[in-house]
Amino acid sequence: GDSVAIQGQLRNVQQIQSTHGAFAAILGDGSIVTWGLPSYGGDISTVQDQLNVQQLKATDRAFAAILSDGSVVAWGDPDWGGDSSA
């Protein structure tokens with residue numbers, strides 16, 4: 001993934017995880033910045049408003065985040081765990 005477009009957002013990074021085609025960084029305020037292939041988790045727009053992240057994990061094509069309230073949200077390829085809506 002090319003981080004040039006979001007380089008200015010990558011400040012106070014606490015953790016980075018990657019899938020095979022995208023990266024996700026937890027920032028100090030609990031927000032997430034992603035970049036890379038949307039189908040591999042590089043597009044967080046579907047869950048962006050739900051995030052105050054404590055921990056982040058990745059599969060080959062999806063991310064899952066534990067939020068400050070203990071709930072879990074996922075994004076990326078649904079066949080690889082990227083759909084936590086069920």
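Which residues is valine 53 in contact with, leaving aside its neighbours within four places in sequence? Valine 53 is in contact with Ile26, Gly30, Ile32, Ala65, Ile66 and Leu67. Contact means heavy atoms within 4.5 Å.

This is a predicted model, where local features need pLDDT of at least 70, side-chain atom pairs count only at pLDDT 80 or more, and totals for chains, interfaces and linings use all residues. Residues are numbered from 1 along each chain as its sequence is written, and side-chain values use heavy atoms, with hydrogens and water left out.

## The chain as a whole

The chain has six strands and zero helices. Both are DSSP runs, numbered from the N terminus: helices are H or I with at least four residues, strands are E with at least two. From the N terminus on, the elements read β-β-β-β-β-β. The radius of gyration is 12 Å, close to the 12 Å that the globule rule gives for 86 residues, so the chain is as compact as a globular protein of that length. That radius is taken over C-alpha atoms, and the globule rule is 2.2 Å times the number of residues to the power 0.38. Along its principal axes, the C-alpha trace spans about 35 × 25 × 20 Å.

Buried residues make up 37% of the 86 residues. Buried means under 20% relative accessible area, exposed means over 50%, and partly exposed lies in between (1.4 Å probe, protein chains only). Take the contacts between residues at least 6 apart in sequence: 28% of them join residues at least 24 apart.

## The sheet and its hairpins

Three strands form an open sheet in the order S1-S2-S3, with antiparallel pairing. Strand S1 (13-18) and strand S3 (32-36) stand at the edges with a single partner strand each, so one side of each has no neighbour in the sheet. On average, neighbouring strands of this sheet are turned by 20° against each other, direction ignored. The axes behind this angle are lines fitted to C-alpha atoms, for helices over the stretch in contact, and angles run from 0 to 180 degrees between N-to-C directions.

Two strands pair if DSSP finds at least two bridges between them. Strands of a sheet pair through backbone hydrogen bonds, either parallel or antiparallel. S1 and S2 (residues 22-27) are joined by five bridges, and a hairpin links S1 to S2 through three residues. Five bridges also join S2 to S3. The hairpin of S2 and S3 has four residues between the strands, and glycine 30 in the turn has a positive phi of about 90°. S2 is mostly covered, with five of its six residues buried.

S4 (residues 53-58) and S5 (residues 62-67) run antiparallel, joined by five bridges. They form a hairpin with three residues between them.

Here are some bridge partners:

| Residue | Partner and its strand |
|---|---|
| Isoleucine 16 | Alanine 25 in S2 |
| Phenylalanine 23 | Tryptophan 35 in S3 |
| Leucine 56 | Alanine 65 in S5 |

## Cores

A nonpolar core is a set of buried Ala, Val, Leu, Ile, Met, Phe, Trp, Tyr and Cys residues joined through side-chain atoms within 4.5 Å. The largest one has 15 residues, and those with the most contacts inside it are Ile32, Leu51, Val53, Leu56, Ala65, Val73 and Trp75. S2, S4, S5 and S6 each give two or more residues to this core. A second, separate core of six residues includes Ala25, Leu27, Val33 and Trp35.

Valine 33 lies in strand S3. It is buried, with a relative accessible area of 5%. Its contacts beyond four places in sequence are Ile6, Gln9, Leu10, Phe23, Ala24, Ala25 and Leu27. The C-alpha atoms of valine 33 and isoleucine 6 are 7.8 Å apart, although 27 residues separate the two along the chain.

## An aromatic pair

Rings of Phe, Tyr and Trp (its six-membered ring) pair if their centres lie within 6.5 Å; planes under 30 degrees apart count as stacked, over 60 as edge-to-face and the rest as tilted. The count comes to two aromatic pairs. One of them is stacked: phenylalanine 23 and tryptophan 35, at 5.4 Å centre to centre with 20° between the planes. Phenylalanine 23 lies in strand S2 and tryptophan 35 in strand S3, so the pair ties together parts that are 12 residues apart in sequence. Phenylalanine 23 is partly exposed at 31% relative accessibility, whereas tryptophan 35 is buried at 10%.
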